[in-house]
Amino acid sequence: MSVHDELTSVQRCLDDLLRSMGRLEQQIGGGLDMRRVRADADHLRESVALLRESAPGLTKPRRPDLVSIPDTPYDRSLWTDSDDEGLGARDRHAH
């Protein structure tokens, strides 16, 4: 599994944990212990986000530099000996 896949799996597990904690909190209330567990889970979420940002190989793909194409016509001598794709050479004919 790649680093990206592993981090995604960890993020999903944390999301599941937070949903389960929300259901548990509804059942037992939000006492001091529950707040501590929620704070720990939030710290884990922040740590995974930091890890995702600093993980090797997870750099965001860089957009290639744009190449400007001039509006001036191309030099016709570039195509003097070229074939038209699908049509063949200008001076030859199909049998």
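Which residues make a nonpolar surface patch of about 500 Å²? I looked this up first, keeping in mind that the model is predicted: local features need pLDDT of at least 70, side-chain atom pairs count only at pLDDT 80 or more, and totals for chains, interfaces and linings use all residues. Residues are numbered from 1 along each chain as its sequence is written, and side-chain values use heavy atoms, with hydrogens and water left out.

**Patch.** I found I69, Y74, L78 and W79. A patch like this takes residues with over 30% relative accessible area and no salt bridge, its nonpolar side chains joined within 5 Å. (A salt bridge puts a side-chain nitrogen of Lys or Arg within 4 Å of a carboxyl oxygen of Asp or Glu.) I69 sits in the segment after α2 (32-54). I noted I69 as exposed because its relative accessibility is 62%; exposed means over 50%, buried under 20%, with a 1.4 Å probe and protein chains only.

**Whole chain.** I counted two helices and zero strands; these are DSSP runs, helices (H or I) of at least four residues and strands (E) of at least two. Of the 95 residues, 9% are buried. The accessible surface (Shrake-Rupley, 1.4 Å probe) is about 8800 Å², and carbon and sulfur atoms hold 55% of that.

**Helix α2.** I checked the span: 23 residues at 1.5 Å a residue should give 33 Å, and the end C-alpha atoms are 33 Å apart, so the two agree. The expected span is 1.5 Å times one less than the number of residues. The buried residues of α2 are M34, A41 and V48. I see α1 (3-28) included in what covers them, going by contacts, meaning heavy atoms within 4.5 Å.

Methods. Patches are made of residues with over 30% relative accessible area and no salt bridge: like charges are joined within 9 Å, nonpolar side chains (Val, Leu, Ile, Met, Phe, Trp, Tyr) within 5 Å.
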